[in-house]
Each structure stands twice: as structure tokens, then as C-alpha cells.
Amino acid sequence: MSSRLRQAAPNDLPQITTIYRDAVLNGTASYELVPPDEAEMASRFQAIRNKGYPYIVAEDKGGKVLGYAYASAFRTRPAYRWMVEDSIYLAPEARGRGLGKLLLAKLVEECEALGFRQMIAVIGGAAPASIALHRAAGFTETGLLKGTGYKHGRWLDTMLMQKTLGEGTETDPDPSTYPGTLFSE
Ligand SMILES: CC(C)(COP(=O)(O)OP(=O)(O)OC[C@H]1O[C@@H](n2cnc3c(N)ncnc32)[C@H](O)[C@@H]1OP(=O)(O)O)[C@@H](O)C(=O)NCCC(=O)NCCS
């Protein structure tokens with residue numbers, strides 16, 4: 001399946017909403033129980049873009065969106081401003097072909113270029129595919145939270161995985177880079 005990556009745009013939202021709907025209804029990556037509608041997804045998209053976080057899509061030759069990935073704040077207290085959380089969702093038919101790896105590598109690259117120092121994956125249901133994807137992208141396991149959710153008739157754990165971006169903790173952050181402008185007190 002040949003594909004290309006590009007910045008997400010508002011007219012991708014119908015397809016993004018469909019992909020996320022399947023993940024909410026059938027998976028454990030999201031702890032939402034009711035899929036959000038397109039208006040809600042549009043409002044979330046705008047909030048992420050307004051804050052300057054990357055939001056990218058993978059599309060096939062015909063322009064069909066196969067998957068998407070974005071970064072967002074892990075927490076919004078100002079000292080957390082150097083850390084982002086990643087989110088990544090593929091249409092069921094697009095999984096297992098290396099596309100997740102491409103999307104995540106691009107997201108990491110964009111977040112590093114912006115000056116972020118850490119990326120965290122909060123893996124709902126500790127799903128094996130997501131753990132494997134993040135491990136392949138250089139994330140390491142940093143914690144397992146037990147019984148974090150109840151969905152599809154079972155208790156779920158959450159795996160936390162983390163990747164250092166750029167100089168990580170080796171140098172002080174540069175307040176003139178983009179993350180330094182976030183969540184000012
Ligand atoms: C998780 C997800 C994004 C992975 O994307 P993908 O395109 O299927 O993954 P890739 O084909 O790029 O594979 C990446 C790595 O994970 C491994 N992997 C993929 N699916 C796997 C599975 N079901 N079980 C075990 N390993 C798996 C691959 O072998 C590969 O590892 P390798 O490079 O060491 O061989 C995709 O399956 C998905 O959208 N799942 C539902 C939503 C979700 O869980 N999102 C993550 C939120 S944190």
C-alpha cells in the first residue's frame with residue numbers, strides 16, 4: 001500500500017473521525033466509550049493546531065486517509081511544557097504494514113525540531129501492537145499502571161513508554177524555542 005505523509009487539514013476530519021470511531025468502538029487505545037462526532041473532532045483538531053503541535057496524516061495514492069498522528073500536551077502545568085504525548089491511529093485495513101512506524105518517526109522528527117525534549121506514549125489497554133510500535137521507534141517502557149480503565153467487559157492496564165527528544169535532559173531547555181512559550185504562568 002503506497003502512501004505519503006502530509007500535514008492534516010480540516011477537510012481530513014470526516015475520515016479522521018471514521019478512523020477514531022472504529023478505535024473507540026473496537027479498541028482500547030482510547031478510553032472514550034462513545035465516539036465523538038465530526039464537530040467535536042474538529043474542535044479538538046483546532047485546539048491542537050492553535051497550540052502549534054504537529055498533526056499529520058498518511059494518505060494513499062487516491063487521497064484516502066489511512067491514518068493520523070498528533071502530539072499534544074501531556075499535562076498543562078508549565079514545567080511540563082517540554083514534554084509531549086503522542087497519539088496515533090490507523091484504519092484497520094492499513095495496520096501492520098509499517099505505516100505506524102512512518103507516522104511516528106515523522107511526528108518525533110517534527111517535535112524534536114520544535115524543541116521538545118521528551119515524548120510519552122500513554123498506551124491504553126497496554127495493547128501489544130502499540131507497545132511494539134513504540135519500542136521499534138526507540139521508546140522504552142517507563143511504567144505500568146494497573147486497572148486504569150474498564151472497557152469491553154474487562155479491566156485495562158496502561159503502559160507508559162517514553163523517548164528522549166534532542167538533547168533530552170543533558171542540557172537546560174532553551175526558553176526561546178517554541179515549547180518555552182507554552183502555558184505561561
Ligand atoms: C498501534 C498502531 C498505530 C501500529 O501501527 P502499524 O502500522 O500497525 O504498525 P507497524 O506496521 O508500523 O509496525 C510497527 C512495529 O510493531 C509491530 N507490530 C505491529 N502490529 C503488531 C501486533 N498486532 N502485535 C505485535 N507487534 C505488532 C511490527 O512488527 C513492528 O515492529 P518491528 O519494526 O520490530 O517489526 C496500529 O496498529 C493502530 O492504529 N492500532 C489501533 C490504535 C492504537 O492502538 N493506537 C496507539 C495509541 S497509543
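Predicted model: local features only at pLDDT ≥ 70, side-chain atom pairs only at ≥ 80, totals over all residues.

Colleague: Okay. So where does Glu 85 sit?

Modeller: Glu 85 is in strand β4, which covers residues 83-90.

Colleague: And which side chain of opposite charge is nearest to Glu 85?

Modeller: That's Arg 75, at 8.3 Å. Glu 85 is buried, yet has no salt bridge.

Colleague: What is Glu 85 in contact with, then, leaving aside neighbours within four places in sequence?

Modeller: There's a run of Tyr 70, Ala 71, Ser 72, Ala 73 and Phe 74, plus Ile 120 and Val 122.

Colleague: Switching to the ligand: how many residues surround it?

Modeller: 16 of them, and the closest are Ile 88, Gly 96, Gly 98, Gly 100 and Lys 101. A backbone N or O atom of Ile 88 is 2.8 Å from a ligand nitrogen. For Gly 96, a backbone N or O atom lies 2.7 Å from a ligand oxygen. Gly 100 has a polar backbone atom 2.7 Å from an oxygen of the ligand.

Colleague: How much of the ligand does the protein bury?

Modeller: 69% of the 930 Å² that the ligand exposes when taken alone.

Colleague: Last one: is Ala 121 buried or exposed?

Modeller: Ala 121 counts as buried, because its relative accessibility is 1% and the cut-off is under 20%. You'll find Ala 121 in strand β5, residues 118-124. Beyond its neighbours within four places in sequence, its contacts include Asp 86, His 134 and Phe 139.

Definitions and conventions
Residues numbered from 1 in each chain as written. Heavy atoms only, no water. Helix = DSSP H or I, 4+ residues; strand = E, 2+ residues; numbered from the N terminus. Buried < 20%, exposed > 50% of the residue type's maximum accessible area, 1.4 Å probe, protein only. Lys, Arg positive; Asp, Glu negative; His and termini not counted. Salt bridge = Lys/Arg side-chain N within 4 Å of Asp/Glu carboxyl O. Contact = heavy atoms within 4.5 Å. Near = heavy atom within 4 Å. Polar contact = N/O pair within 3.5 Å; in protein donor to acceptor, adjacent residues only side chain to side chain. Areas by Shrake-Rupley, 256 points an atom, 1.4 Å probe, with all protein chains shown as cover.
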